[in-house]
Amino acid sequence: MTSETQPIPAAASGDRSGDRRLQQIIRSTITVVLAFAFTRVVSLAQVFIIAREFGVGPDADAFTAANLIPELIFNLISGGALANAFIPVFSGYLAREDRPGAWKIASHIINTVFIATLVVSLIIALIAPWVVRTFVASGFTPDQVTLTANLMRVLLVGTVIFSVSGILMGILQSHQRFLLPALAPIMYDIGILAGVLFLLPTLGVYGVALGAVAGAALHLGIQLPGLFQIRARWMPQFGWNDRDLWRVIRLMLPNVAALALFNINFLVMTNIASRLGTGAVSSFGWGWRLMQIPQTLIGTAMATVIFPTLSALSALNDAKGKRESMSGALRFILIGTIPSAVGLIFVGRPLISLLERGAFDASASALVYSALQFFALGIIVHSALEIVASSFYADKDTLTPLMVRVGGTVINVSLAYVLSGVAAADFAYTNGLLPRLGFRPLLAEVQPLSVGMLAFANSLAIAFEVAVLLVILRRRWHSINENALARTLWKTLLASLIMALAITLISFLWDMLGLNNGRLIYTLALIGLEVGIAALVFFGAAWALKMEELNLIPYILRARRKAAPA
């Protein structure tokens with residue numbers, strides 16, 4: 001058997017360092033997954049309460065739109081773009097045991113990023129109404145524009161806090177400390193939940209925004225004990241003549257541009273959705289948020305853990321180690337996301353029906369489910385993109401993902417404009433077939449399929465990016481263990497299709513017995529039955545297909561035993 005066909009190459013060849021690396025990765029991944037899982041539990045509590053209060057109405061649309069620009073600022077200045085450039089440089093100081101130099105560059109980055117975020121946030125706050133009308137939601141009414149602008153100003157306060165907190169996550173992860181950074185999002189969600197529970201009754205949607213700011217402060221605070229533990233130092237200096245500071249900035253610029261394009265996709269789709277009728281913006285946002293639950297638990301968790309490992313292997317010029325680590329992570333992604341995507345398509349409707357309380361009615365469920373089912377493909381490709389892009393960043397190549405992102409952005413925007421029906425309506429207006437409506441929505445009542453097509457356009461664009469990056473990576477590394485990836489792909493697809501048949505049969509029998517009556521207890525029972533049997537069927541099919549990745553179970557069990565005392 002060649003190394004390409006081995007499920008655990010390093011361990012099977014007797015490589016003890018590879019075996020230890022695998023167990024460390026699994027152990028760290030379990031820690032991150034458990035923390036992210038708890039985050040999503042808290043997040044779902046928010047979803048239920050917010051959905052009950054606002055449904056997919058004007059307030060929900062305004063809050064969803066208001067969060068786009070603050071999130072864009074964070075992503076561009078102090079989010080993933082900075083982390084992917086900062087961690088390799090900061091880790092280099094730690095590897096050379098130059099801790100004074102490490103804290104010096106960390107201080108320069110923190111101070112510079114904080115000032116940059118503060119200045120940009122103040123400027124956006126001053127011109128918020130113009131930003132909303134021009135870039136975010138041209139289809140909103142004047143009252144919605146005002147509400148969205150005011151919410152945006154509140155949320156920008158949290159963005160300034162995140163500018164520091166995001167860098168602290170990179171510092172702790174560079175020290176192979178993943179627990180507190182993984183707990184930080186939980187604290188953020190707890191802050192939002194507190195706003196929903198205690199401020200929403202009196203302040204309305206502004207209470208949710210204030211809760212988000214409190215959550216940002218908690219996100220920062222939970223990481224401070226970890227900094228004390230590693231004896232972190234902060235210096236009140238900018239160091240704008242520091243070469244490594246500018247090195248980090250040069251490395252992050254292509255990634256900033258790539259993230260900007262990604263966020264521009266969402267700005268454009270939000271703008272298009274604002275022209276489809278009331279509820280389209282928030283329905284698209286709900287679908288995206290629900291899709292991110294499995295995507296975060298699988299894709300983001302694995303990418304968080306594997307990136308430092310890929311960076312270290314790249315620094316050692318260990319091509320074989322990089323191939324095995326990337327391929328193993330990507331196979332894990334396929335096994336986790338494909339059945340999750342299929343499951344959301346077949347179980348998503350009863351899941352969303354659990355939200356039907358208060359302002360969130362059956363029509364709202366239909367809109368959200370339309371977005372969610374077309375986002376199902378996104379669970380797979382968004383998760384895969386995190387691993388594939390990390391492979392380029394580990395090699396200190398941030399330009400190639402940017403160039404591919406340009407193509408993905410063109411595909412995303414074009415498909416969203418055409419498939420949603422906006423292009424056809426604009427053509428009709430231009431040629432005098434319909435009266436021009438200006439900035440008002442195209443339709444009085446939003447159509448579910450139009451919202452779903454926005455999600456589908458995004459999923460197709462990301463799939464394009466993953467495919468192109470994998471082709472480039474295979475040429476550079478001479479192999480990405482593609483035979484093993486192909487086997488995992490078709491076996492997982494087949495097992496997932498068998499699982500889908502089982503879910504369909506259960507749903508059919510449930511309807512025949514007359515149990516599909518909309519009562520909460522019956523809906524919960526149906527979901528539990530479908531999920532439980534689906535899991536058993538999937539793993540049974542995987543075992544029958546002799547899926548090699550099942551051999552990882554002993555490693556996972558050992559990793560859990562070792563992680564338990566910690």
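This is a predicted model: local features need pLDDT of at least 70, side-chain atom pairs count only at pLDDT 80 or more; totals for chains, interfaces and linings use all residues.
Ser 314 has its place in helix α13, which covers residues 280–315. With a relative accessibility of 14%, Ser 314 counts as buried, because buried residues are those under 20% relative accessible area.

Leaving aside residues up to four places away in sequence, Ser 314 touches Lys 322, Ala 394 and Asp 395. With Asp 395 there is also a polar contact, in which the side chain of Ser 314 and the side chain of Asp 395 come to 2.6 Å.

## Helix α10

Helix α10 runs over residues 205–221 and has 17 residues. From its first C-alpha to its last, helix α10 reaches 25 Å, which is close to the 24 Å expected at 1.5 Å a residue.

Several positions of α10 are buried, and among them are the glycines Gly 207, Gly 211 and Gly 215. The buried residues of α10 also include Val 205, Val 208 and Val 213, together with Ala 209, Ala 212, Ala 216 and His 219.

## Aromatic rings

A search of the whole structure finds 10 aromatic pairs. One of these is formed by Phe 238 and Trp 240, whose rings lie 4.8 Å apart centre to centre, with 35° between the planes, and the pair is described as tilted. Phe 238 counts as partly exposed at 35% relative accessibility, whereas Trp 240, at 51%, counts as exposed, because the cut-off for exposed is over 50%.

Elsewhere in the aromatic picture, Phe 74, Phe 162 and Tyr 188 form one aromatic cluster.

Most residues other than glycine have a negative phi. Against that background, Arg 231 has a phi near 60°, a positive value in a residue other than glycine, and Asn 481 has a positive phi of about 55° although it, too, is not a glycine.

Arg 231 lies in the loop between α11 (224–229) and α12 (243–274), while Asn 481 is found in the loop between α18 (448–477) and α19 (482–512).

Note on methods: Residues are numbered from 1 along each chain as its sequence is written. Side-chain values use heavy atoms; hydrogens and water are left out. Helices (H or I, at least four residues) and strands (E, at least two) are DSSP runs, numbered from the N terminus. Buried means under 20% relative accessible area, exposed over 50%, partly exposed in between (1.4 Å probe, protein chains only). A polar contact is a pair of N or O atoms within 3.5 Å; within protein, one must be able to donate a hydrogen and the other to accept it, and residues adjacent in sequence count only if both atoms are side-chain atoms. Contact means heavy atoms within 4.5 Å. The expected span of a helix is 1.5 Å times one less than its number of residues. Rings of Phe, Tyr and Trp (its six-membered ring) pair if their centres lie within 6.5 Å; planes under 30 degrees apart count as stacked, over 60 as edge-to-face and the rest as tilted.
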